[in-house]
Amino acid sequence: MATPRWYPDELAHAGDEHLDPGYVQGYDRKAGTDPTDEVALLRTLGLDETSTVVDLGAGTGAFALAVAPRCRRVIAVDVSAAMLALLQLQAGAQGLANIEWVQRGFLTYEHRGEPADFVYSRHALHHLPEFWKGIALGRIAAILKPGGVFRLLDLVYAFDPGEAGPIIESWLDGAAATPALGWTRPELETHLREEYSTFTWLLEPMLERAGLVIQDASRDPSGIYAAYTCVKTSSDLG
Ligand SMILES: C[S@@+](CC[C@H](N)C(=O)[O-])C[C@H]1O[C@@H](n2cnc3c(N)ncnc32)[C@H](O)[C@@H]1O
């Protein structure tokens, strides 16, 4: 189906750095992501060698590469050609033949084949403003089979607006000293100014409204990071 003209250009909201091959080259070191626990969690939720997994906003593929040996099919979706190129390179180097990559976004990915058993997304949904998050969550529900699992990790604010000042300042105080090893204060400030992290108490009803019933919600003590395990009910509203 053609994307309506009134849809946003997802590349324009993707964060310029994610499209820059130089930045992407250093991304894994900067992010330092270890997806071991996430793969283990999905296995406790039924992930096995028959499963189809869609990773939305997959980046360089830390999770996709780790989950591939444990399932049948992984589809890594990202708007960034540079991210997907590195993912492709790493999949080849590791001899992983069951990873597909699709240069699309939350709003444009068209799923083909059996409905997904799992949709995974880490630190990517915040690139969409509220209305479009709602549309994206409906599309995620539509990709999943009934009973399928949506695992979402993102920067989601677990506080009231009046508490924002001290909580945000405390987060910024813990920023990395250099961009090679993490996100620096100016980078985190850019996230706050230009991206669309939202409040837990806005996102959670949006998940439920999309037919993604929250089975588990965990919030980092900083108040900045949250993780959700959701199960698709038999009918979605997307
Ligand atoms: C901070 S990175 C996270 C990458 C990876 N999930 C991780 O945990 O390391 C955010 C990723 O989201 C991608 N992205 C941004 N907007 C997107 C969209 N609308 N649809 C899909 N991916 C998007 C970026 O290109 C980037 O690869």
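Select T33 first: 17 other C-beta atoms lie within 10 Å of its own, so T33 counts as partly exposed (buried means 20 or more such atoms, exposed means 12 or fewer, partly exposed is in between, and C-beta atoms are placed from the backbone). T33 sits in the loop between α2 (27-31) and α3 (36-44). Helices here are DSSP runs of H or I with at least four residues, strands are runs of E with at least two, and both are numbered from the N terminus.

A quick word on what you're looking at. This is a predicted model, where local features need pLDDT of at least 70, side-chain atom pairs count only at pLDDT 80 or more, and totals for chains, interfaces and linings use all residues. Residues are numbered from 1 along each chain as its sequence is written.

Next, switch to cartoon view and look for the sheet. Seven strands make up an open sheet with mixed pairing, in the order β3-β2-β1-β4-β5-β7-β6; two strands pair if DSSP finds at least two bridges between them. At the edges you'll find β3 (99-102) and β6 (212-219), each pairing on one side only.

Zoom in on β4 (residues 116-122) and β5 (residues 144-155), which run parallel and share six bridges. Which residue of β5 is the bridge partner of Y120? Pick R151 and you've got it.

Now colour α6 (residues 130-143). This helix lies across β1 (52-56), β4, β5, β6 and β7 (225-232), at about 140 degrees to β5. Contact here means C-beta atoms, placed from the backbone, within 7 Å; axes are lines fitted to C-alpha atoms, for helices over the stretch in contact, with angles from 0 to 180 degrees between N-to-C directions.

Then select the ligand. There are 22 residues around it, and G57, G59, S80, G105 and H127 come nearest (near means a C-beta atom, placed from the backbone, within 6 Å).

Finally, zoom all the way out. The protein chain has nine helices and seven strands. Its C-alpha trace spans about 45 × 40 × 40 Å along the principal axes. Of the 238 residues, 34% count as buried.

Methods
Two residues are in contact if their C-beta atoms, placed from the backbone, lie within 7 Å.
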